[in-house]
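Have a look at the model first, then read on.

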Amino acid sequence: MADTFSGGIHPPEEKRYSSDAPIETLPAPEVAFIPLSQHIGAPAQPTVKKGDRVLMGQTIGEPAGFVSAAIHSSVSGKVKDVALHMHPVTGKPEPTVIIENDGLDERAEELTAHGESWQVVEPDEIRKIAANAGIVGMGGATFPTHVKLSPPKGKIIDTVLLNGAECEPYLTADHRLMLEFPDDIVRGHLLIGKTLGAGRLGICIEKNKPDAIEVLQKRVEGTGIKVHPLAVKYPQGAEKQMIVAVTGREVPSGGLPFDCGCYVQNVGTAKALYDAVSKGVPLIERVVTVSGPILKEPANLMVRVGTRYSELIEACGGAIEDIYKIISGGPMMGLAQFSDEVPVTKGTSGVLLFGAEDVEVRPELACINCAKCVDICPAFLMPTRIAQCAEYENVEMAEKFGALDCIECGSCAFICPSDRKLLHYIRRAKALVRAEIARRSQS
Ligand code: SF4
Ligand code: SF4
């Protein structure tokens, strides 16, 4: 089997800043800003109000439907308010539980810790624990894990792949997690495999992390799990591209991994699931890479959810020059931030700082029909054509050109010699197509 997919690009890796930095635990914030929406689906409904005392790990937001996720307090203390606060994903103020930390870390014991009996927990119980622990995809997708572990009837999943590719430049959080918590990841993987009844389990890692490949190859001995070293190429960590690289199977257009018998989950999510099942710990902290060319001391930090970016930056010595841009996540698919007062959420993989000279702003020129964007598109689309559809609001053609199959990897915009804002246009095209589909379904 090939170790990669067709298309893709090779942006500078820039992982040297933090790849050798062991995970350090950042002290809990004095005030935690915990958004009620940190996942795909309906925002959670608050279960606490101003003045309430809460414990660390206590549920403070209940799922508002099946496709939603529970939210827990990452500290013990007093609820200062349930109010709007800037959100790193939506870019606007969102309902947030604001908690004054009393520094005691008094724990709620809402979840059962199964300890060494984790291996005998039954699939339905594992799904329930994933839901109660508020586990979501931690690679950035933030899809609720209990939903993903419940495929539609008739969908047989025979292959579970753990995603340790971490193909985004700068990010090293998953790399460090694999080096420092390999057993937890392997156990989480076994739990996912058991829940889905899948016989083929693999851990996928780009070859630029040979130490992680070596560690995991040793730890999977006797488990039936196989480690798949993959070519270093962006977006190797995208679900569909990973599936084709490892299994040769194609996720059909408009489909999901289970349509070809596969399931992909981030390595951090596997660890979170093991922590919930074995230790009874909900998802209230995660590893975040804090990096970028102008950050003084790049690091991988274990951070409580609700800690503001400004505190991470301060813990890393601050910037060596004026901050021009802050990105949440990686530079390819991450989101530029208006403020460093936004909090870390379950999906925050990185906080990156850039100076003015690192961010080249060039004018957008006319398309010269070079077809480079077409050659590298890992989804086999024609980005230039879809972008034109967005510009001229030709929704019908945007749909025909497969706009909805775009995985928003940004490779086309990266490669374009005319600096066309292709990803921006394609996102617009997708929004138009989705709106048209919704309109059709109502008429
Ligand atoms: S069209 Fe979408 S999938 Fe293709 S390269 Fe551009 S962003 Fe990536
Ligand atoms: S890479 Fe840019 S210039 Fe070349 S065809 Fe695509 S949009 Fe046009």
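A cavity here is a set of points, on a 1 Å grid over the protein atoms alone, where a 1.4 Å probe fits but cannot get out. Its volume is the space filled by probe spheres set on the points, with grid points joined across faces, edges and corners. This is a predicted model: local features need pLDDT of at least 70, side-chain atom pairs count only at pLDDT 80 or more, and totals for chains, interfaces and linings use all residues. Residues are numbered from 1 along each chain as its sequence is written, and side-chain values use heavy atoms, with hydrogens and water left out.

**Cavities**
- You'll find two cavities of 30 Å³ or more.
- The largest cavity comes in at about 110 Å³.
- It has 16 lining residues (an atom within 4 Å of a point), and C377, P383, C406, C409 and C412 sit closest to its centre.
- Giving two or more residues each to that lining are α10 (383–391), α12 (411–415) and α13 (422–442).
- By class, the lining of the largest cavity splits into 13 nonpolar, two polar and one charged.
- The second largest cavity has a volume of about 40 Å³, and its lining includes H72, E110 and N132.

**Helix pair**
- The axes (lines fitted to C-alpha atoms over the stretch in contact) of α3 (residues 173–180) and α7 (residues 267–279) come within 9 Å and cross at roughly 45 degrees.
- D174, L177 and M178 of α3 meet V267, G268 and K271 of α7, contact meaning heavy atoms within 4.5 Å.

Technical notes
Chains lettered and ligands numbered in written order. Axes fitted to C-alpha atoms, helices over the stretch in contact; angles between N-to-C directions. Helix = DSSP H or I, 4+ residues; strand = E, 2+ residues; numbered from the N terminus. 1 Å grid on protein atoms, 1.4 Å probe; cavity = no way out; pocket = protein on both sides within 12 Å on 5 of 7 lines; lining within 4 Å. Nonpolar A, V, L, I, M, F, W, Y, C, P; charged D, E, K, R; others polar.
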